[in-house]
Amino acid sequence: MLNHEDILRILLVDDDHAVLSGLTSALAVDDADEERFQIDKVNSCEEALDELMAGPFDLLMVADPVAEVAGIEVLRDILHSGYAAPIVLVTARGDRVAQEAALAAGATDYVERGRPTLLQKPTDA
């Protein structure tokens, strides 16, 4: 769901500025990427909801937790607002139970901080 300018708009949600900077760096790996991505950053669920209402995003990356609120709760609030684009939950928890809970709550994907592998949400065949 790219916007009309073919620039991928990404919203990062985390209350840790170092994590936001790290995610931004990981997404824009070279100068050419700066022209393909527009990365906006917010520090809370409330700010994320405001940004999502203000304009379309192609991808949302939500930290777990955000301002001491469980990432899954943030995810549920965002989905309840009507947001329909992909959501990736980014967390330090790597156990299978946490992964399954994130996907069951509506995350499109789940990334463990420090591990580059994405776990794909199962599709019904």
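**Note on the predicted model: cores and helix packing**

1. Of the 125 residues of the protein, 42% count as buried, where buried means under 20% relative accessible area, exposed over 50%, and partly exposed in between (1.4 Å probe, protein chains only). This is a predicted model, in which local features need pLDDT of at least 70 and side-chain atom pairs count only at pLDDT 80 or more, while totals for chains, interfaces and linings use all residues. Residues are numbered from 1 along each chain as its sequence is written, and side-chain values use heavy atoms, with hydrogens and water left out.

2. The protein has five helices and six strands. Helices (H or I, at least four residues) and strands (E, at least two) are DSSP runs, numbered from the N terminus. Along the sequence the pattern reads β-α-α-β-α-β-α-β-α-β-β. Among contacts with a separation of 6 or more, 56% come from residues 24 or more positions apart; contact means heavy atoms within 4.5 Å.

3. The largest nonpolar core holds 22 residues, and Leu11, Leu60, Val62, Ile78 and Tyr83 touch the most other members. A nonpolar core is a set of buried Ala, Val, Leu, Ile, Met, Phe, Trp, Tyr and Cys residues joined through side-chain atoms within 4.5 Å. At least two residues of this core come from each of strand E1 (8-13), helix H3 (45-54), strand E3 (59-64), helix H4 (71-80), strand E4 (87-91) and helix H5 (96-105). H4 gives the most, with four residues.

4. Which residues does Val62 contact, leaving aside its neighbours within four places in sequence? They are Val13, Gly71, Val74, Ile78, Ile87, Val88, Leu89 and Val90. Another core, of 12 residues, lies apart from the largest one; among its members are Ile10, Leu20, Met61 and Val90.

5. Two packed helices are described by the angle between their axes and the distance between the axes. The axes of H3 and H4 come within 10 Å and cross at roughly 25°. H3 is therefore roughly parallel to H4. Axes here are lines fitted to C-alpha atoms, for helices over the stretch in contact, and angles run from 0 to 180 degrees between N-to-C directions. Angles under 35 degrees count as roughly parallel, over 145 as roughly antiparallel, 65 to 115 as roughly perpendicular and the rest as oblique.

6. On the H3 side, the contact is made by Cys45, Ala48, Leu49 and Leu52, and on the H4 side by Val74, Asp77 and Ile78. These residues divide into six nonpolar, no polar and one charged. For this count, Ala, Val, Leu, Ile, Met, Phe, Trp, Tyr, Cys and Pro are nonpolar, Asp, Glu, Lys and Arg are charged, and the others, Gly among them, are polar.

7. The axes of H4 and H5 also come within 10 Å, crossing at roughly 10°, so H4 is roughly parallel to H5. Ile72, Leu75, Arg76 and Leu79 in H4 meet Ala101, Ala102 and Ala105 in H5. The residues of this contact divide into six nonpolar, no polar and one charged.

8. Arg76 and Ala105 are 29 residues apart in sequence and 6.7 Å apart in space, C-alpha to C-alpha.

9. Asp14 lies in the loop between E1 and helix H1 (17-27). With 2% relative accessibility, Asp14 counts as buried. From Asp14 to Ala48 there are 34 residues in sequence and 9.6 Å in space, C-alpha to C-alpha.
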